[in-house]
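Please look through the structure shown here with the report below as a guide, taking one region at a time.

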Amino acid sequence: MRAHRLLIAAGGILAATLATTVASADSWSRTQVKIVVPYAAGGGTDAIARLFGAALSDELHKTFIVVNRPGGKSLVAYQAAIAEPSDGSTLLFDNSSHTLQELYKNLPYDPAKDLVPVSLVSVISSILVVSPRLGVNTLEEFVAHVRAHPAKINCGSYGVGTISHLQEELLNRAAKIEMVHVPYKGSAPALNDLVGGHIDALFVDALAAQPLVKAGKIKALAAVGNRRAKAYPDLPTFPELNYAELGTPGWVGFFARTGMPQAIIDRLGEALKKIAATPELAARLRDLGAEPYASSPAEFAEIIRKDAARWKNIVVERGIPIE
């Protein structure tokens with residue numbers, strides 16, 4: 001009799017556990033989900049966010065909408081995402097510039113405590129592009145040109161302390177050269193000035209530069225990362241040219257508000273892994289100069305940790321003012 005009662009009790013506990021799990025999984029009742037992007041529409045990160053947003057809409061039968069919140073070194077977007085409830089109604093989509101957040105001073109939030117990594121979804125190439133007026137055709141010729149014109153060759157970036165700026169500083173250190181840094185508020189104005197001849201060089205994402213490279217208005221010299229960009233099969237990587245320091249590619253991925261139910265994070269991760277494995281999405285990513293990459297939250301967190309340590313090192317060594 002006692003055994004019978006124990007079985008009934010155990011069955012009740014199991015039923016309660018299953019009910020809680022189902023309720024937790026069904027807690028994502030939102031039919032519309034915002035994907036907050038810290039950059040203006042049209043750039044590489046925005047394009048990939050929209051690609052995954054459309055795929056998630058199909059896979060999860062919800063409406064995923066990209067909301068662009070550029071400005072303030074991503075502070076505007078981060079504040080907007082963190083201000084939302086942790087009920088699955090809002091996600092943040094950022095690139096490897098996220099790893100710089102911990103270097104900024106006096107932030108009104110704590111990115112490590114207020115956000116959790118969900119999944120890295122793609123690695124994306126940055127390339128070094130230069131003005132044709134320099135008359136150089138290879139990275140070796142460019143480095144020699146900078147050495148022959150000390151403190152006269154300008155290199156643009158998306159802003160002080162951004163990934164494009166830090167990649168410039170890595171090249172300065174590795175090649176023992178000194179380019180003059182010219183910060184902009186994003187890739188579009190920097191590319192405009194490169195085409196216009198107001199700056200000489202720029203580290204930029206492969207997608208943003210592609211039309212201008214194809215039109216011959218700017219020249220691509222090398223790609224960041226250990227693999228050649230599919231969109232630029234003839235473009236050598238920096239490690240191929242003996243610059244191993246520039247062998248780590250950029251990435252893009254999803255973040256959630258801390259406190260989001262684990263069931264929702266797991267469901268998102270499963271959907272993103274399935275999406276990343278589809279040949280159609282892989283082909284579209286490669287058209288954008290990117291590659292699919294699915295990770296667990298723990299794997300994503302470890303990549304962020306390693307990247308942050310590397311960028312902190314170059315910031316300290318080069319004395320870059322991070323505010």
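Predicted model: local features only at pLDDT ≥ 70, side-chain atom pairs only at ≥ 80, totals over all residues.

An α-helix has 3.6 residues a turn, so residues three or four places apart point the same way.

## The largest pocket

The largest pocket has a volume of about 890 Å³, and 40 residues line it, with P38, Y39, Y158, G186 and S187 lying nearest its centre. Elements that each supply at least two residues of this lining include the helices α2 (44-60), α6 (163-175) and α7 (187-195), as well as the strands β8 (201-205) and β10.

## Around S131 and D200

S131 is placed in the loop between β5 (126-130) and α5 (139-148), and with a relative accessible area of 4%, under the 20% limit, S131 is therefore buried. Leaving aside neighbours within four places in sequence, S131 is in contact with L194, I199 and D200.

D200 also takes part in a salt bridge with R133, in which the N to O distance is 2.7 Å. Because D200 lies in the loop between α7 and β8 while R133 lies in the loop between β5 and α5, the pair ties together parts that are 67 residues apart in sequence. Of these two partners, D200 is buried at 4% relative accessibility, whereas R133 is exposed, with a relative accessible area of 53%.

## Other salt bridges

How many salt bridges does a search of the whole structure find? The search finds 12. One of them joins R30 and D87, whose closest N and O atoms are 2.7 Å apart. R30 lies in the loop between α1 (2-25) and β1, and D87 in the loop between α3 and β3, so this pair ties together parts that are 57 residues apart in sequence. Both are partly exposed, R30 at 37% relative accessibility and D87 at 23%.

A further salt bridge brings together the side chains of E291 and R286, at 2.9 Å from N to O, and R286 is partly exposed, with a relative accessible area of 33%.

Conventions
Residues numbered from 1 in each chain as written. Heavy atoms only, no water. Helix = DSSP H or I, 4+ residues; strand = E, 2+ residues; numbered from the N terminus. Buried < 20%, exposed > 50% of the residue type's maximum accessible area, 1.4 Å probe, protein only. Contact = heavy atoms within 4.5 Å. 1 Å grid on protein atoms, 1.4 Å probe; cavity = no way out; pocket = protein on both sides within 12 Å on 5 of 7 lines; lining within 4 Å. Points joined across faces, edges and corners; volume = space filled by probe spheres on them. Salt bridge = Lys/Arg side-chain N within 4 Å of Asp/Glu carboxyl O.
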